[in-house]
Structure formats: structure tokens, C-alpha cells
Amino acid sequence: MPTEPKTKRTPGAIIRSLWKTCKTLGPDESNSEKTEDDLSERTQLCMNLSQTLGTTQLLLNFHGGQPVFILKPPSDLVNFPRPRWPIECEVISDSIQHIEWEPPEPEPFYKPSNKESFIPAEDRPGNVVYCSDFATKHLYFTCSRVGGSRGSTNRAKFIVTPPDITLEFESRFESGNLQRAVQVGAFDYELTLRTDMYTEKHTQWFYFRLRNMKAKMLYRFTITNLMKASSLYSLGMKPLLYSERAANEHGVGWHRAGSNIRYYQNCSEDANENSDAGVRLYSLTWTLRFPYDSDTCYLAHCYPYTYSRLQYYLKQIISNPAVASYCEVRTLCQSLAGNAVYIITITSRGTSPEEVRNKKAVVVTARVHPGETNGSWMMEGFLDFLLGDSDDAQVLRDNFVFKVVPMLNPDGVVVGNYRCSLAGRDLNRNYKTLLKDSFPCVWHTRNMVERLMAETEVVLYCDFHGHNRKNNVFMYGCDSNNKLFKLQERVFPLMMSKNASNKFSYRSCRFKVQKSKEGTGRIVMWRLGIKNSYTLEATFGGSTLDDRKGTHFTTGDLKSMGFYFCDTLLDFCDPDQTKVVHCSAEAAALLKMELKKKISKNLDTDGSFSMSDLETSTSGSNSSDSDGLPVHLLHQQRIPEKTHFKKKKKKLKTRKERDRLQPSRVSSTSLRKVLESRRYTECCISPEKMDEVRSQEKPLGGQKGGKQNDLKGGCVVSFPTSHPEEVSQGTLEDGQDNDCISAIRQKLKQAYESTSYMTPPSGDEAVGNRQVRCSCPPFTPKVPPSRPPVLMQHYTPPLSSQQGPTFFVAPRRGSCLLFGRIPPSGFIRIAPPDPGTSSISTSSNHRVFKDKQVQWVSGNFPSKGFSTSVSDINRIRRREGILKDSSEVNPSSFSPVMGKTKGLSQHWNPLERK
């Protein structure tokens with residue numbers, strides 16, 4: 001029997017029929033009960049297209065009364081498997097879930113009484129009642145699996161059999177952190193937190209379960225291995241308590257609890273107890289009364305937000321047809337352990353591709369530090385507002401493309417780390433990394449931003465964080481030196497402070513770009529070209545502002561900061577820039593007031609100043625030390641310490657040792673240059689040409705000319721040639737030079753060896769010492785007139801009516817000769833002779849000064865290659881006990897350098913310095 005073709009409808013016919021039906025519905029019909037029933041049936045039909053059309057890839061949704069046809073995303077683009085753990089982690093199978101609850105009144109800070117007592121940890125013997133040591137089994141990450149270790153987790157973790165009054169501890173669940181519990185009294189427990197996996201640092205986050213408690217009994221808990229020198233617990237912050245019985249019976253969730261709270265440094269300074277590196281440890285102690293007997297309770301540092309909770313939240317997003325039309329969830333990459341890093345794209349569907357491309361972009365990330373759970377709560381509030389059906393949310397989706405990465409470090413969140421990933425490193429110090437396989441989360445995030453910037457303008461980047469040492473919510477930005485965008489980075493935080501005046505503190509915001517923070521997301525994105533790049537920091541404690549002063553933050557308060565962020569973004573990008581201009585002027589005024597306050601004087605500036613140099617560090621949580629090496633590399637570095645080999649410390653060379661390595665700095669070490677300098681003794685500069693000489697001077701050895709003011713009474717010589725030897729090489733005959741030099745060298749070597757000590761000469765003895773006999777005939781220096789030596793004199797000693805003699809002083813090794821070259825002899829002329837006579841007159845009116853920069857010049861020269869000074873000889877003699885006083889000088893062994901000088905004075909006159 002033939003079938004009836006009218007009963008079969010093609011998918012195209014079904015879609016056309018639904019479309020026509022929706023189009024023909026008028027406003028009057030839409031209000032009738034019959035129409036509502038028809039629409040509900042059609043909606044049900046559309047949701048079951050897999051059965052009607054025989055396909056699972058086409059989805060038909062209604063949005064605003066109009067049908068929307070979308071393709072179902074492939075399953076490999078986004079999925080939500082169970083979390084993966086390192087293979088050595090023991091994980092219990094219990095499902096840990098908590099309800100959300102807001103206290104009816106804000107919870108106040110704890111007010112210390114300064115009478116809180118504590119018992120030193122070293123005086124507390126006890127029994128270990130819980131120990132989870134899986135973190136010490138491996139030094140680095142190897143592989144992962146769902147559920148962690150393959151071994152059984154049913155075996156007891158108690159070292160001793162607990163009596164009825166002993167608490168049962170557990171932390172082998174997602175985001176849990178507690179390594180050991182020691183019972184030191186009937187109701188007194190000493191706790192040890194686990195460091196971040198594969199590291200030896202970062203003990204701040206704690207989250208564990210308690211059972212078998214007794215109601216109304218006063219318990220004391222003491223965490224003994226915290227590493228921060230200061231904490232919000234010293235400012236009134238309380239730990240968090242969750243009771244399952246209170247949640248089931250009264251709907252009460254996480255709340256603040258505890259008294260006798262004290263944060264202090266441990267008394268024991270034992271290196272083994274305070275870690276191998278000798279890091280100082282701190283303790284947190286508090287007392288607590290549980291509300292019920294035999295209850296199941298949890299204690300935590302902050303409101304937990306696990307990876308599984310994020311997956312549950314994202315499932316709700318994609319399962320909502322209305323939200324799925326403008327929200328797309330994809331997998332950005334896989335972490336080291338294989339957990340998915342999700343990325344959410346939120347924007348309205350444009351009518352044309354050009355409209356979509358013209359939209360500007362906003363990038364928001366969170367949870368790069370797994371222990372900062374308040375960042376995830378702010379992120380959830382941000383997504384709730386942006387995915388909502390409010391008019392403001394619609395405006396944001398119509399004008400922007402939002403790229404959101406809600407959890408950058410899923411591995412750290414799963415295992416309960418505070419700051420690092422499974423690579424043992426802080427991801428927020430590695431945004432510049434090229435190691436894609438070691439840091440996939442931040443590498444793919446930066447790559448995504450770079451590709452997005454190639455397509456459109458990114459107007460704002462913000463990374464959500466938590467802060468452990470400051471109250472309130474605040475932002476860190478990047479101070480721009482560009483005058484066109486001056487103070488622009490301060491406008492958005494100032495607007496946030498106006499929208500959330502009782503939670504956000506503009507005074508706590510910082511805009512300094514520190515070198516130690518160059519690898520953070522905030523600075524890396526700013527250097528990529530995003531002018532408004534921020535870190536939003538939310539305290540673990542509470543607020544100190546307005547009507548919320550002295551109260552803790554709740555999950556609702558943290559979510560509200562996500563709302564205020566979206567509201568501020570609307571004001572910041574409003575076409576009417578009145579608010580922006582007003583906030584910019586106010587930010588400049590506040591900056592000027594802060595400058596006046598800090599430097600204690602009035603400043604008349606035009607805005608071209610920077611506050612970053614006057615601001616304090618943006619590190620409030622010792623984060624500059626967070627990017628240390630993982631533990632397996634630290635153990636490799638400690639191998640030399642175990643073999644008791646000490647690395648030699650590099651010894652710094654003295655100035656004299658450096659001069660010996662660079663003989664060109666002290667020219668007096670060459671005897672040939674000493675003899676050649678005699679050709680210049682008859683030439684000097686006149687005072688009238690002093691200005692001309694100074695204009696021709698060039699710094700010696702790259703020294704700055706501005707340093708010449710530091711020199712007093714020194715002489716500076718400048719040669720017009722690049723090599724002083726070029727002047728003297730053509731002035732002597734070759735035969736006479738060699739013979740004369742050999743004879744003088746032998747004569748001076750014998751004289752030096754026979755001299756016990758150098759003392760200044762006087763009288764006829766000095767004249768006799770100056771005579772140098774040589775077998776070769778005398779020679780006459782010939783100085784080329786085109787290349788006269790240039791001599792500049794900074795200071796001339798006071799002369800009497802008679803002209804004083806010409807003296808030569810050997811420059812002390814390391815003296816400050818800033819300009820010019822030392823003459824080949826290494827000696828400097830200090831008093832020019834009268835140009836009208838070739839003889840040197842004498843004078844006895846000079847005073848003798850004792851100065852470390854003044855040296856006598858001996859007529860007994862050492863052999864070639866030998867370099868010394870009177871100061872060196874004094875030092876050697878003093879070591880040998882020969883010289884009793886450096887001021888005792890025998891005036892019988894010193895003579896001037898020049899060999900044929902007449903009329904020597906009876907009194908030796910060294911260089912006098914101002």
C-alpha cells in the first residue's frame with residue numbers, strides 16, 4: 001500500500017514554516033494565551049531539532065522573538081573533562097561542594113588586644129596525626145592522569161591511632177593544601193603547609209577539612225611555615241570557616257571565625273627548620289570553637305574557587321541558548337598536565353563583517369596565581385554582568401569584542417599551589433618567554449593578544465589578582481612618558497574609585513614600571529602597545545573606606561567589583577568625554593598635591609612630570625622573589641656545597657695593580673720616553689694662550705670633561721699629535737741616541753742599586769747629582785716648530801720677585817689627569833721659565849708642603865721596566881720596620897731630572913696644591 005507523501009516534511013520545509021509562523025505573529029496575537037501555547041510548542045520543537053531534522057549540528061533558538069539558526073560547536077573545541085593531576089598526587093574521590101552565602105551584616109575585623117599568647121614552635125613536642133608527603137616524591141613534573149596516583153587512597157594517613165578527641169585532617173582534594181598536622185596538646189595543633197609543587201617557596205594558601213570535633217571546646221591552630229614578613233592577619237583579618245551541618249540546616253556558608261589571632265616570626269632560627277636557604281619563617285596562630293559535634297568543617301585562607309567550579313559555570317553559559325548567540329567558549333590551549341585553558345569571546349553578532357572588524361577589543365584575564373581565588377570571584381561577577389540582559393551589557397557587547405581567559409593556571413589551582421605552575425615558576429614573570437612547551441598558558445595568551453592587535457585596537461587589558469598585604473581594591477598601571485597620553489593611565493582607576501567609593505582606593509594605586517616586573521602581563525601588554533594595561537588587585541581582607549571601614553569582603557563584594565569594572569568601562573569609552581576630561585584634570589591635581597607632599601616644596605609645573613620615580617614599589621607580596629628556580633635546579637646548584645668546595649670570591653684589583661696591567665696610563669715607566677721628554681724642556685705655553693689650549697683639549701681615556709673641577713693644583717698636558725713619539729723620533733741622531741741611552745741606563749742602574757733611600761737633595765750635592773757623564777758627545781734637542789708641546793697649568797705656586805726654577809714632578813700612579821697625554825718622560829712641568837732667558841733662576845722663598853699628591857723626583861732612576869713611587873717605597877719600608885715616620889725624609893738623595901740646569905735653589909720646592 002503506497003505511503004502518503006503529505007506526512008513527510010523536509011528540514012527546509014520545517015524551517016520555512018517556523019520562520020513564516022514567527023513573522024506572521026502580530027503584537028496582539030503574541031499576548032493571547034493560544035499564541036503563548038503555540039510559541040511554547042514551537043520552542044520545544046526547535047530545541048529538539050536533533051529528532052525533527054535528524055541532525056545534531058543545527059540549533060534553532062529564539063532571541064527577541066526572532067529565530068536564530070546556529071551551528072553546534074564541534075566537541076573538540078570545548079569539553080569539560082575531569083581535572084588531571086600529577087601522577088604522584090594522591091586524590092580522594094569525595095566531591096567537595098560549598099553553597100554561596102552572604103552574611104546579613106558585614107563581618108568586622110578582629111581587634112587585637114595585644115595580649116594574645118603563643119607557645120614557641122621549638123618547645124612543642126607532639127604526635128603527627130596527618131601527613132601528606134606526595135610533594136616530596138618527585139623534583140619535577142613528569143606526567144599526569146585523571147585522579148592522580150594509581151595507588152589506593154583508602155589507607156589511613158594517620159601516623160598514630162587517633163583517640164576520640166583527636167581531629168581528623170584531610171587535604172587531598174582539589175585546591176586543598178595541608179602537608180602535616182601535629183597534635184601538641186589535647187586541643188592544640190601545629191600545622192605545616194605544602195610549598196608550591198616542585199619548589200621550596202610560597203606557603204600562604206591553606207584549605208583543608210576537619211572532622212571529629214567537639215562543640216564548644218577551644219581549639220588552637222598554629223601554621224608554622226609561612227614565608228611573608230607581614231600579613232593582613234596582623235591588621236584584623238580572620239580565617240574562613242565552613243560547616244556542612246550549618247549549611248544544610250541553616251543555609252550558612254563560608255564565614256569569618258577565630259580569636260586570639262597573632263602573626264609573628266618564629267623563635268627558632270635553625271637553618272634546617274627554617275629551610276636550607278636560611279629563610280626566616282613566620283607563624284599564624286588562632287583559636288576556634290566549632291558549632292557542632294562530629295561535624296565536617298573546612299578552614300581556608302580565602303573563599304575557594306576550584307577548576308571544577310569554573311567548568312560548571314561555563315557549562316551553564318553554553319547551555320543557555322540566548323547567551324550562546326553572543327558568547328563563544330573555546331579552548332585556548334592545554335596546560336602542562338593536560339587541563340584545558342578556556343577562552344571566552346563575547347560580542348554581538350554584527351550584520352556585516354566590516355561592523356565586527358570595526359569594534360575595539362578588551363582583554364581580561366584572571367587566576368594566573370592559583371592561590372588568589374578572589375580574582376576568580378571578580379571574574380565571575382564580570383561575566384555575570386557582561387552576559388546579562390541589561391541595557392548596559394548590551395551596549396558593551398555592541399561596541400566591543402571581549403576576550404576573556406578566566407583561569408590562566410588550571411594546574412596550580414587543581415593541586416593547591418599559591419603562586420606557581422607545575423613548571424615550578426611564576427607564570428606572571430614569564431609573559432616574554434619563548435618556551436611554548438614550558439609555559440603554554442601565558443605564551444598562547446600573549447600570542448592571542450598579538451593577533452588581536454593586528455586585527456583591531458585593544459583599548460584595555462586587565463589581569464585580576466589578589467593581594468595579601470594591603471586592604472581594599474586598587475590597580476597597578478604603567479606610567480606613560482608620552483606627552484600625548486600623559487596621565488591617561490590614571491583616569492580609569494580614578495573612575496573606579498568614584499563608582500566603588502567604599503571598596504576601591506585610588507590612593508593605593510601605583511603606576512611605576514619596575515625592572516623586576518618586566519615579565520608580568522601588565523607590562524608586557526603595555527609594551528606591545530596597549531596604553532591602558534592594568535592589574536586589578538583585590539585584598540584577601542576587607543575595606544577601610546567609608547561605610548565599609550573595618551569589615552571583611554564577601555563573595556558578593558568581590559563579584560560587585562566585576563560589575564563596577566564594566567560600569568567604569570562604559571564611562572571611560574563614552575562618546576561624551578566629559579567624565580574623562582574631569583577625571584584627567586582631577587588626576588593631575590592629585591598628582592601635583594602628592595608631589596608637593598613628598599618633596600616638601602611647591603612645584604610650578606605644566607604637567608610634564610612623572611610620579612613613577614617617587615612611588616613605592618608595586619610589589620606588596622614579595623613577588624620580586626617569586627620567580628626563582630624550580631627545586632630540581634636548586635638541588636643541582638647545591639652539589640658544590642655538599643662537597644665543601646667554596647667558590648673563590650673574585651678579588652678586586654687596586655688602582656696600582658690596574659696601572660701595571662695598563663702601562664699606557666703611566667708613561668713614566670719607560671726610560672726612553674724620559675729621555676725624549678728633554679727635547680720639550682725649553683718649550684712651554686704662555687699664559688695668554690691658556691684659553692686657546694683649553695678649547696683644543698680632549699678627554700683622555702673617555703673621561704668626561706666635567707670632572708676637571710675635581711682636580712686642584714694639577715697640571716694638564718696636551719699634545720697635538722696622536723703619538724708623542726712622532727715628535728721626538730726625528731730630533732736625535734740614531735748613533736748618538738743608542739750609545740747615550742745605553743750609557744745612561746747603566747749609570748742610573750748602578751746609582752739606584754747603591755741608594756738606600758730617596759731624599760730630597762739640597763745645595764751643591766744636588767748640583768753634583770745632576771751631572772750625567774756619557775762617552776758620547778752631547779746632543780742638542782731639535783723641536784719641530786710646527787708641533788710644539790701644549791702645556792696647560794691649572795695652578796702656579798706663588799713666586800717671589802725673583803723667578804723660581806723650573807721643576808718637574810712625576811705624576812703619581814692613578815692621579816687625576818683628565819685631559820691630554822702625559823709627555824713621554826712621564827714628568828710634568830709646573831713653573832714656566834722666563835721666555836727671555838735660557839737659564840733657570842733660583843729662589844728660596846718657596847714653602848714645602850706635605851701632600852699625598854706631591855712626589856719627589858729622584859735623580860737615581862731605576863732600570864727599564866721598573867715603576868715605583870715614593871709612596872710605594874714608604875709603604876714597603878714601613879712594612880719592613882725601616883721607616884718610622886713617612887715625613888722623615890733624607891734630603892741627600894733627591895735631585896732634579898734635567899741634567900744641565902744652572903743655579904739650583906738651596907731649598908727643594910715641590911708642587912704646591914690649593
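**Notes on rings and helix packing**

1. Start with the aromatics: Phe169, Phe187, Tyr189, Phe206, Phe208, Tyr219, Phe221, Trp286 and Phe290 are joined by ring pairs into a cluster. Two rings of Phe, Tyr or Trp (its six-membered ring) pair when their centres lie within 6.5 Å. The count by this rule is 31 aromatic pairs.

2. A word on the source: this is a predicted model, where local features need pLDDT of at least 70 and side-chain atom pairs count only at pLDDT 80 or more, while totals for chains, interfaces and linings use all residues. Numbering runs from 1 along each chain as its sequence is written, and side-chain values use heavy atoms, with hydrogens and water left out.

3. Have a look at two charges over rings (NZ of Lys or CZ of Arg within 6 Å of the ring centre and within 35 degrees of the ring normal). Arg397 sits over the face of Tyr326, 4.0 Å from the ring centre.

4. Next, helix H8 (residues 374-386) and helix H14 (residues 555-572): their axes, which are lines fitted to C-alpha atoms over the stretch in contact, come within 7 Å and cross at roughly 50°. On the H8 side the contact (heavy atoms within 4.5 Å) includes Trp377, Met378, Phe382 and Phe385; on the H14 side, Leu558, Met561, Phe563 and Phe565 are among the residues involved. By class, this contact has nine nonpolar, four polar and three charged residues.

5. Finally, helix H11 (residues 440-455) and helix H13 (residues 521-528) have axes that come within 11 Å and cross at roughly 25°. H11 and H13 are therefore roughly parallel to each other. Their contact is made by Arg446, Val449, Glu450 and Met453 of H11, with Val524, Met525 and Leu528 of H13. Sorted by class, it has five nonpolar, no polar and two charged residues.

Note on methods:
Phe/Tyr/Trp six-rings, centres within 6.5 Å; stacked < 30°, edge-to-face > 60°. Axes fitted to C-alpha atoms, helices over the stretch in contact; angles between N-to-C directions. Helix = DSSP H or I, 4+ residues; strand = E, 2+ residues; numbered from the N terminus. Nonpolar A, V, L, I, M, F, W, Y, C, P; charged D, E, K, R; others polar. Parallel < 35°, antiparallel > 145°, perpendicular 65-115°, else oblique.
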